[in-house]
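Please look over the model below before reading on.

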Amino acid sequence: MDEDIAPPQDLLERLKDYGQEHCLDFWKDISKEEKDLLLDNLKNLDLPRIDRIIKQSLYAQDLRPVSNLEPVPEASISTMENRSSEQREKWWNSGLKAIADGKLAVLLLAGGQGTRLGSSDPKGCFNIGLPSGKSLFQLQAERILRIQTLASLSTANGRKVRIPWYIMTSPFTSEATQKFFDKQKFFGLDQEQVIFFEQGTLPCVSKQGKFILETPFQVSRAPDGNGGVYAALKMSKCLDDMGTKGVKYVDCFSVDNALVRVADPVFLGYVMEKSVSCAAKVVRKAYPQEKVGVFARRGKGGPLAVIEYSELDSALAHSINQETGRLRFNWSNVCLHMFSLEFLNEVTEDLERDSIHHVAEKKITSIEGTVDGIKLEQFIFDVFPYSSSIALFEVLREEEFAPVKNAGGSTTDTPDTARLLLLNLHTRWVVAAGGFVTHSIPLHLTGIEVSPLRSYGGENLDDVCRNRTFHAPCEIRAS
């Protein structure tokens with residue numbers, strides 16, 4: 001061991017300033033190579049920022065009180081029953097025009113690994129067992145391609161439309177994700193329109209705010225939550241890139257939704273008509289105790305926010321709006337959001353200034369074995385209280401929300417449940433277009449898959465389906 005090599009004095013003093021000098025406790029016991037690794041590890045930490053986050057999150061008074069919750073005002077919601085086909089067509093056309101004019105970018109949250117799915121690959125690489133064998137990434141890419149085609153056809157001269165796709169990875173998924181896109185030749189997209197950037201990480205800390213050492217020469221770190229996307233967009237210059245491209249709106253979603261309508265023109269048209277800074281697609285709670293976050297106002301006349309199911313007491317969860325017959329706290333957050341670029345530029349500064357992160361108590365691997373510690377995270381919905389203009393847009397679960405979170409054998413949100421939701425939806429499209437379906441196993445356990453390159457939302461199927469019989473399971477391809 002290199003006991004005679006002292007740690008840099010300036011680094012030691014900086015660590016002392018923030019109460020983290022224990023990170024050098026094992027200096028005398030590690031090799032020259034390990035010392036170099038530790039120095040790199042510590043020098044890359046933005047100590048003033050991290051210290052501010054720790055103090056704001058662990059010690060400062062929480063600025064997110066849960067008392068005096070109020071339901072979402074009905075005027076801020078576009079519900080299914082109050083939406084006409086004429087409105088939908090109007091929103092579709094205006095949204096498609098904005099897409100053709102280059103005003104929309106797509107933002108994918110893809111930092112998660114498929115650990116809970118039993119896979120070491122990034123979640124987006126996962127194959128949920130469709131007849132086509134397509135991954136989640138491929139389904140999303142092909143929906144972008146289809147919307148580009150529809151937007152191009154809507155222009156007078158059929159000019160090429162290219163929607164920029166910003167993909168947030170994490171240090172654990174970045175390399176594998178980019179290799180997967182390279183191998184798949186970007187699924188037919190132009191390579192230049194796909195922009196990868198990494199979310200940040202933060203040290204795992206003790207309940208006293210001290211960094212936890214994973215090894216004698218490495219601080220334990222964890223991704224800063226899907227809400228880390230805002231800081232990452234700023235630091236990676238992606239917001240500047242969007243502005244240079246003429247983007248005005250950003251469609252944001254999570255990678256693990258097999259039914260996500262990427263770059264939905266109807267949603268975009270609605271957001272533009274409402275002139276709001278941010279919006280969310282919502283679904284109705286399936287039952288009062290469902291473990292989902294819901295939109296509500298924090299305090300009378302307060303900002304709109306997402307309230308976690310654990311924060312909503314049983315009486316409020318069961319309370320009914322006597323006028324509508326719905327649950328008073330009814331609108332579930334499913335991570336389908338749209339933001340104006342102007343708002344994203346503003347809110348990144350606000351979030352950084354306040355620096356309040358959610359405190360997640362976890363078991364952390366350390367030099368002392370597995371210890372109780374804290375991971376500091378921001379969530380994608382943390383920005384809503386900063387907006388003075390939010391709109392909620394109801395969608396049907398069975399059409400737009402098929403999460404893939406748990407391995408087979410679980411009762412909910414598995415590859416099997418997501419696959420069946422997609423196959424059942426597409427089968428309904430085929431029947432609506434005049435097709436017939438035969439099957440050798442119960443139809444609710446199988447169905448028809450329609451390539452996104454053929455149809456985005458059930459359109460463009462009459463010619464291929466009318467008076468034709470399909471034996472499930474099978475795929476209707478692009479051509």
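1. Of the 479 residues in the protein chain, 53% count as buried, meaning under 20% relative accessible area with a 1.4 Å probe, protein chains only. This is a predicted model, in which local features need pLDDT of at least 70 and side-chain atom pairs count only at pLDDT 80 or more, while totals for chains, interfaces and linings use all residues. Residues are numbered from 1 along each chain as its sequence is written, and side-chain values use heavy atoms, with hydrogens and water left out.

2. The protein chain holds 14 helices and 21 strands (DSSP runs: H or I of at least four residues, E of at least two, numbered from the N terminus). Its radius of gyration is 24 Å, close to the 23 Å from the globule rule for 479 residues, so the chain is as compact as a globular protein of that length. That radius is taken over C-alpha atoms, and the rule is 2.2 Å times the number of residues to the power 0.38.

3. Among contacts (heavy atoms within 4.5 Å) between residues at least 6 apart in sequence, 75% join residues at least 24 apart.

4. The largest nonpolar core has 49 residues, of which Phe-137 and Trp-165 touch the most other members. A core here is a set of buried Ala, Val, Leu, Ile, Met, Phe, Trp, Tyr and Cys residues joined through side-chain atoms within 4.5 Å. Helix α5 (residues 136-153) gives the most to this core, seven residues.

5. Beyond neighbours within four places in sequence, the contacts of Trp-165 include Phe-137, Ile-144, Phe-181 and Phe-253. A second, separate core of 39 residues includes Val-72 and Phe-381.

Notes
Buried means under 20% relative accessible area, exposed over 50%, partly exposed in between (1.4 Å probe, protein chains only).
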